[in-house]
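Below are some notes to read with the structure open beside you.

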Amino acid sequence: MIQFAKEADQLVCTLPARLDTTACTTWQDGLLKRIEEEKAPVVFDMAKVDYISSAFIRICLQVFKQVGEDRFRLINLSPDVKKVFKIAGLDEHLAMS
Amino acid sequence: MSEASSGLAGEIVDRAVTAAAVFGQLDQEQTDRIVRAVYEAGFNQRVRLARMAAEETGLGIWQDKVIKNVVATQFVYDDIRDVKTVGIIAEDHERGIVEIAQPMGPILAIIPVTNPTSTVLFKILIALKTRNPIIICPSKKAIRCCTEAARLCYEAALGADAPEDCIQWLEQVSREQTHEIMHHPKLALILATGGSGLVHEAYSSGTPALGVGAGNVPVFIEASADIPFAVEQIMISKTFDNGTICASEQALVVEASVAAAVETELKKRQAVFLSPEETARVEAVAWDSEKKSMNAGIVGQSAVRIAELAGVSVPGDTRLLMAPLGGVGAAWPLSSEILAPVLAYYVAPDFRAAVNLCIDLNYHGGVGHTVSIFSNDEENIRRFSLMMNAGRIVVNTPSSQGAVGGIYNKLNPSLTLGCGTGGKNITTENVTARHLLNIQRITRRRTNERFQRFDARRYYDESLDACAIEAEFNRNF
């Protein structure tokens, strides 16, 4: 499951390894609700993630719209995951490192 | 021989069509005799042509252009000499398939300013080996050297009984005429090596085209690499012909644990690290901010000359300008392709971060072309390679010469490097003679035994799903 932490006024969401459609469906509503409540910049820590689904990409875009361009970023991406965003052409819109 | 003024495009293609018809009668032995004669003629003039190219274009280093001419003749000839390209070229009796090689027809060869004579020699050899007449369309800045290379090849070909007009060339190049030839309905193929505009025009002509894509080659020195060796190889590659090969390294990415050693070795070899202010000055002369591409004026110039143009003081023996950058993309112009001895430089904290940087560089204008890694860790070489989108992933090799093939590896030697669909090309291979053939297949009746014994009426039974049909179809008695 997702672990939440407040660090330097940011909501850091540490995501589990496999972000397939089933997993995303399970926690999507809770995640978006928490983000709405916190009203803080959001960071997705992707250090453990080794697979992302289209459902997760949709969640990223939803969060991007919800909190704003400069208040959402993804960190600690593995090359495999980074390549997915690159091929999808989303790296130009989503801040990631 | 051609006099290519406006309105003669059709005539040129018509002559090539006649040459194609005659060429089609030649057998393998006759064809190979022509190729041998042309190879020798080109090889024997390698130095004169290299000097001509360097003088006329003002780009690069003539000694390195000699090596390019050697690759385009000796290495290409070695690679194609024993390849069957006429008549029956393969027979598989078990499968009942016989392959017949047929020439394609007249080929228009677009020649870039960066590798002029070598590309002419290379394209002529692979065209003649496949019995295709060729029309050489040189860069406007390299007409004399290209036409001379084509002329001497044609003379040698005629001396070996090649058909008249098997090689033609345009002595006055205009965009309109090139356009007209490209669109000519009797033209069979365009071999488009050059800038993205010309390659795009070739693809848009409706004539089949083998093109190339732009490069932006990251080279990664991984922690297990032999550092002095890696740096020496990069220097050999990036300074070769003043960086005019599109497979030359554009950005060096090193892991932090070996960065100090890499920097020491680079400095030992006359690489100069630029300060942020100096980097900005070099950027101003190397990058055309209006066109959003490298400034053509610095292509193939020496490091010292570029420093001089930028108003940066460097020692007179400087071979390479190193530009440490903080990122990749439009905000960092030197992270783009610069065909000159200027190399972007990045230090990454670890392997993962370094590969991520290489992904950024690879996708910043170089998709499908070439990437390079120096490493002695097979697993990391594999992990790196799987993340890249590149037709050529060269390992422990100078990437300019490595991508071209034949010197440091067994890739087909070629001056036309396919970049796959990422580079808007149909192949990721090094283009060579086999790409210039239409292969016909005679296919004999060979019974599919499983289909023979299967009751085909079962397909009409909707109650049988794929698994049920498969079980019956594949049943082993």
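Where in chain B does B:Asn242 lie? We come to that in point 1, after a word on conventions. This is a predicted model, in which local features need pLDDT of at least 70 and side-chain atom pairs count only at pLDDT 80 or more, while totals for chains, interfaces and linings use all residues. Residues are numbered from 1 along each chain as its sequence is written, with chains lettered from A and ligands numbered from 1 in the order in which they are written.

1. **B:Asn242.** B:Asn242 sits in the loop between α9 and β9 of chain B. Helices (H or I, at least four residues) and strands (E, at least two) are DSSP runs, numbered from the N terminus. B:Asn242 has a positive phi of about 55°, although it is not a glycine. B:Asn242 counts as buried because 26 C-beta neighbours lie inside 10 Å. For burial, C-beta atoms are placed from the backbone, and a residue is buried if 20 or more other C-beta atoms lie within 10 Å of its own, exposed if 12 or fewer, and partly exposed in between.

2. **B:Lys292.** Here is another residue to look at for its backbone. B:Lys292 is not a glycine, yet has a positive phi of about 55°. Look for B:Lys292 in the loop between β11 (287-288) and β12 (293-294) of chain B. B:Lys292 is exposed, with 10 other C-beta atoms within 10 Å.

3. **Strand β8 of chain B.** Five of the five residues of β8 (residues 217-221) of chain B are buried, and the strand is mostly covered. In a regular strand, side chains alternate between the two faces of the sheet. Both faces of β8(B) are covered: B:Val217, B:Val219 and B:Ile221 are buried on one side, and B:Pro218 and B:Phe220 on the other.

4. **Partners of β8(B).** β8(B) runs parallel to strand β9 (residues 249-255) of chain B, joined by five bridges; two strands pair if DSSP finds at least two bridges between them. Opposite B:Val219 stands B:Leu252 in β9(B). β8(B) also pairs in the parallel sense with strand β15 (residues 368-374) of chain B, over three bridges. There, B:Phe220 stands opposite B:Ile373.

5. **The crossover.** β8(B), helix α9 (residues 227-238) of chain B and β9(B) form a right-handed β-α-β unit. Right-handed here says that, with the strands pointing away from the viewer, the path from the first strand over the helix to the second runs clockwise.

6. Is strand β1 of chain B buried or largely in the open? The number of buried residues among the six of β1 (residues 87-92) of chain B is zero, so the strand lies largely in the open. Five bridges join β1(B) to strand β2 (residues 97-103) of chain B, and the two run antiparallel. Along this pairing, B:Gly87 has B:Ala101 as its bridge partner, and B:Glu91 stands opposite B:Val98. The two strands form a hairpin with four residues between them, and B:Gly96 in the turn has a positive phi of about 70°.

7. The order β1-β2-β17 (chain B) describes an open sheet of three strands with antiparallel pairing. β1 and β17 (437-443) of chain B are at the edges with a single partner strand each, so one side of each is left without a neighbour in the sheet.

8. **Two packed helices.** Helix α2 (residues 28-44) and helix α5 (residues 116-129) of chain B pack at an angle of about 170°, with their axes 9 Å apart. Axes are lines fitted to C-alpha atoms, for helices over the stretch in contact, and angles run from 0 to 180 degrees between N-to-C directions. That makes α2(B) roughly antiparallel to α5(B) (angles over 145 degrees count as such). Among the residues that meet are B:Ile34 and B:Val38 in α2(B), and B:Leu121 and B:Leu125 in α5(B).

9. **Where the chains touch.** Six residues of chain B are in contact with six residues of chain A (C-beta atoms, placed from the backbone, within 7 Å). On the chain B side, helix α13 (residues 351-363) gives the most, with five residues.

10. **A sheet in chain A.** Chain A has an open sheet of five strands in the order β1-β2-β4-β6-β7, with mixed pairing. Its edge strands are β1 (3-7) and β7 (95-96) of chain A, each pairing on one side only.

Conventions: Contact = placed C-beta atoms within 7 Å. Parallel < 35°, antiparallel > 145°, perpendicular 65-115°, else oblique.
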